[in-house]
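I opened the notebook to look up aromatic rings. The entries follow in the order of my searches.

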Amino acid sequence: AQSVAQPEDQVNVAEGNPLTVKCTYSVSGNPYLFWYVQYPNRGLQFLLKYITGDNLVKGSYGFEAEFNKSQTSFHLKKPSALVSDSALYFCAVSANTNAGKSTFGDGTTLTVKP
Amino acid sequence: GAVVSQHPSRVICKSGTSVKIECRSLDFQATTMFWYRQFPKQSLMLMATSNEGSKATYEQGVEKDKFLINHASLTLSTLTVTSAHPEDSSFYICSASTRTGGYYGYTFGSGTRLTVV
């Protein structure tokens with residue numbers, strides 16, 4: 001079975017400060033890891049993914065994430081937060097052999113204050 | 001990039017009626033589509049996996065007779081909520097799976113807010 005944990009329900013940061021949204025995972029085999037953002041009453045928007053290769057993955061809107069195999073983590077980061085980054089963020093994992101079925105974390109609400 | 005169109009974005013229906021939600025892949029063929037349900041301030045719950053031309057695979061606890069899924073073509077999957085009740089009110093999201101260069105990618109629809117009154 002595969003699982004994802006996002007230990008923080010809420011993350012608050014000031015605009016201009018760096019932000020981190022945490023994610024740890026459990027999966028059999030090599031993982032596919034994803035981050036998505038969701039705005040109110042909208043579907044999910046893809047931010048970035050790790051499949052293979054460099055552990056540091058750069059994605060949309062200045063976000064990046066670092067894959068750490070030993071810690072089974074895939075934390076989302078951004079060097080300088082914007083108020084418009086305020087949204088709900090989901091981490092997801094999929095085993096690379098399972099035809100694409102993803103398991104999502106419970107989500108972390110990011111609030112960036114001016 | 002890949003785009004998935006989901007309609008309607010919002011629907012209000014009377015209890016006991018059926019509602020159909022469509023999910024279309026606009027510029028690619030989606031052999032596999034996923035249907036999720038999301039309750040307020042909660043994560044996505046996978047309801048079923050839909051493969052073109054075959055019966056959908058439902059997750060445990062999801063009533064297949066209540067949530068009818070049809071994936072008749074490579075670009076269209078539909079979810080029909082039959083005999084809807086207020087407890088079916090939720091946000092439903094579809095996702096299409098694409099395989100590029102040996103790896104899977106996922107594109108999500110914009111979601112459908114269903115309210116049953």
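Is B:F108 buried or exposed? I found B:F108 buried, with a relative accessible area of 9%. Buried means under 20% relative accessible area, exposed over 50% and partly exposed in between, with a 1.4 Å probe and protein chains only.

I noted that this is a predicted model, where local features need pLDDT of at least 70, side-chain atom pairs count only at pLDDT 80 or more, and totals for chains, interfaces and linings use all residues. Residues are numbered from 1 along each chain as its sequence is written, chains are lettered from A and ligands numbered from 1 in the order in which they are written, and side-chain values use heavy atoms, with hydrogens and water left out.

Next I searched the whole structure and got 12 aromatic pairs over all chains. Rings of Phe, Tyr and Trp (its six-membered ring) pair if their centres lie within 6.5 Å; planes under 30 degrees apart count as stacked, over 60 as edge-to-face and the rest as tilted.

I looked up A:Y36 and A:F46, an edge-to-face pair with 6.1 Å centre to centre and 70° between the planes. A:Y36 is in strand β5 and A:F46 in strand β6 of chain A, 10 residues apart. Strands are DSSP runs (E, at least two residues), numbered from the N terminus. A:Y36 is buried at 0% relative accessible area, and A:F46 is partly exposed at 36%.

I then checked A:Y36 with B:F108: the centres are 4.9 Å apart and the planes at 80°, so this pair is edge-to-face. It crosses between chains, to strand β10 of chain B.

Definitions and conventions: Helices (H or I, at least four residues) and strands (E, at least two) are DSSP runs, numbered from the N terminus.
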